[in-house]
Amino acid sequence: MSVTVNFPPKLKKLALFYNRFRKAGVKIDDYESTWISPDITIGRGTIIHPNCYLIGNANSYVGEDCEIGPSAFLRDWFEIGNRVKIGFNAEVVRSSIGDGTKIPHFCHVGDATIGRNCNIAAGTVFCNYGGNKKQCITIGDYVFIGSGTNLIAPLRIADHSYIATGAIV
């Protein structure tokens, strides 16, 4: 894989930036299509697939042994625990995701706290904006959310809950 940058100082800066992650044990599949804010911390063993954007601040981090993407978008601030999967075309914004949770693909997670070992199935949308202000959704540990579910804030889902496919909660 090659990185095409025609301006040598820019190439050096880019190489140093991504080298920081490589030395920390992070695998980035495609440096040319991946954007990472300089203040973000990414844990050892994490894989960042192509076309991912991790745009956060110094409080944003991705834990160890995670899998991000392809085409995932993490923004504003985010706290991603260890062994988390955030899949294809998933967006996480202003949210905390617990260890072992899976958000496989086509999901929007905004203004949320998600516990450990949850499964947020394909097409789940966290409806966090009701027209005048953003509100939070809290999900406990070991929760299963079925495909195509809309979660309408404010909302709290207890540990070990099961929400069927296509639900509006």
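## A charge over a ring

A charge sits over a ring if NZ of Lys or CZ of Arg is within 6 Å of the ring centre and within 35 degrees of the ring normal. Here, K134 lies over the face of Y129, at 5.7 Å from the ring centre.

## About the model

This is a predicted model, in which local features need pLDDT of at least 70 and side-chain atom pairs count only at pLDDT 80 or more, while totals for chains, interfaces and linings use all residues. Residues are numbered from 1 along each chain as its sequence is written, and side-chain values use heavy atoms, with hydrogens and water left out.

## The nonpolar core

A nonpolar core is a set of buried (under 20% relative accessible area, 1.4 Å probe, protein chains only) Ala, Val, Leu, Ile, Met, Phe, Trp, Tyr and Cys residues joined through side-chain atoms within 4.5 Å. The largest one has 39 residues, and I68 and L74 are among those with the most contacts inside it. Strand β8 (a DSSP run of E, at least two residues) gives the most to this core, with three residues.

Let's look at I68. Leaving aside neighbours within four places in sequence, I68 is in contact (heavy atoms within 4.5 Å) with residues including L54, V62, L74 and I86.

## Aromatic pairs

Rings of Phe, Tyr and Trp (its six-membered ring) pair if their centres lie within 6.5 Å; planes over 60 degrees apart count as edge-to-face. The count comes to four aromatic pairs. Y53 and F73 have ring centres 6.1 Å apart and planes at 80°, so this pair is edge-to-face.

Notes:
Buried means under 20% relative accessible area, exposed over 50%, partly exposed in between (1.4 Å probe, protein chains only). Helices (H or I, at least four residues) and strands (E, at least two) are DSSP runs, numbered from the N terminus. Rings of Phe, Tyr and Trp (its six-membered ring) pair if their centres lie within 6.5 Å; planes under 30 degrees apart count as stacked, over 60 as edge-to-face and the rest as tilted.
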